[in-house]
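The sequence and structure are shown first.

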Amino acid sequence: MPKIYAQKLNPKQKYKHQPKTLSGKRLTRRAFIRYGLRAALLILIGSAYSLRDNVKTEKIRLRFSSLPPSFHGFRIVQISDLHSSFWVTRAYLSRVVDQINAMEKNIVVITGDILTGSVNSFLKHWIPDDDDTYLSMVIDVLRQLHGGAVKLAVLGNHDQGDGSENARKLTYELDKIGFKVLRNNSLALMRGDEQIFIAGTDDLWFSCDLPKTLADVPENAFKILLSHNPDINTEIRKKMQIDLTLCGHTHGGQVRIPFLTDYLMPINNPSRYMAGLVKEGYGYTYVNRGIGTLVFPFRLGAPPEITSFHLTCSDA
Ligand SMILES: [Fe+2]
């Protein structure tokens, strides 16, 4: 039998067929994993950037025994958290308004954070921080919203965060373009001799006063409450009987990272109020994911949203 000797390769022969990087170095397993992770991170960031303005229309149909029959088929369009700022362009906001203009609706509501305000200040070395520019931009765009619907808004924490004078200025500008800003008050909508009430609070972290908001609303009336922060539910007492509470504030997490996003949410009960429809003991809460972005122009797992509600009366 001939003897077989293992041939010992010198290092140069051993790595002869191993691929090389662009810089000509041999690609080791460790380097391969490192480059792979970098590529995955870049793809993730690119996706999050491109998904920031991929608006989704959510259609919610709700049935109420408390809705007056003449309001059967009543339609509400809700948007929230526009966050007019360096990150949110005029073209994008105009596209959102065009989409709303094409929708069937009786009222349009904005549930706060129309502006971003001074949160930009910590980045002011790199990005423009002229809030007046962003105010006039969003007002110019919202002026194009038409269709004969009643237009309502409430303020969010970012709208009130730069002081009462700035909040008043925003309220004044919205009023000039036909938006009624509900600041701890309500209005009645009439159809024949039947009515429903829309009430709206200031932001929960600032001057929210729920008893004052509902002071003019009859106890047994059908009520829709607009309030930026879904934590308003901790203030709602059983006897207030709110049929539908519309909120925003969470951005649906904006960038959803399992476990971490819940931990970072600025609300008491993120597992319940992160986004979407929640059945309460009496009525419903809906948390809209918002239109704009905060701090960075990224969204992942929480697309921007226009919500279309179709209310029906179970007696109709
Ligand atoms: Fe917001």
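Strands are DSSP runs of type E with at least two residues, numbered from the N terminus. The model discussed here is predicted.

## Setting of I198

I198 belongs to strand 7, which spans residues 194-200. The residue has 23 C-beta neighbours inside 10 Å, and because 20 or more are required for burial, I198 counts as buried.

Leaving aside residues up to four places away in sequence, I198 touches L152, S186, L187, L189, I224 and L226. F222 lies 24 residues from I198 in sequence, and the C-alpha atoms of I198 and F222 are 8.7 Å apart in space.

An open sheet is formed by 6 strands in the order 1-12-2-3-4-5, with mixed pairing. At its edges are strand 1 (56-64) and strand 5 (179-181), each of which pairs on one side only. From one strand to the next, the twist averages 25°.

Strand 4 (residues 150-154) and strand 5 run parallel and are joined by 3 bridges. Within this pair, K151 stands opposite F179 in strand 5.

## Helices on the sheet

Helix 3 (residues 90-101) packs on the sheet, where it touches strand 2 (74-79), strand 3 (107-111) and strand 12 (305-313). The direction of helix 3 makes about 20° with that of strand 12.

Helix 6 (residues 164-176) lies across strand 4 and strand 5. Relative to strand 5, helix 6 runs at about 150°.

Definitions and conventions:
Residues are numbered from 1 along each chain as its sequence is written. This is a predicted model: local features need pLDDT of at least 70, side-chain atom pairs count only at pLDDT 80 or more; totals for chains, interfaces and linings use all residues. Helices (H or I, at least four residues) and strands (E, at least two) are DSSP runs, numbered from the N terminus. A residue is buried if 20 or more other C-beta atoms lie within 10 Å of its own, exposed if 12 or fewer, and partly exposed in between; C-beta atoms are placed from the backbone. Two residues are in contact if their C-beta atoms, placed from the backbone, lie within 7 Å. Two strands pair if DSSP finds at least two bridges between them. Axes are lines fitted to C-alpha atoms, for helices over the stretch in contact, and angles run from 0 to 180 degrees between N-to-C directions.
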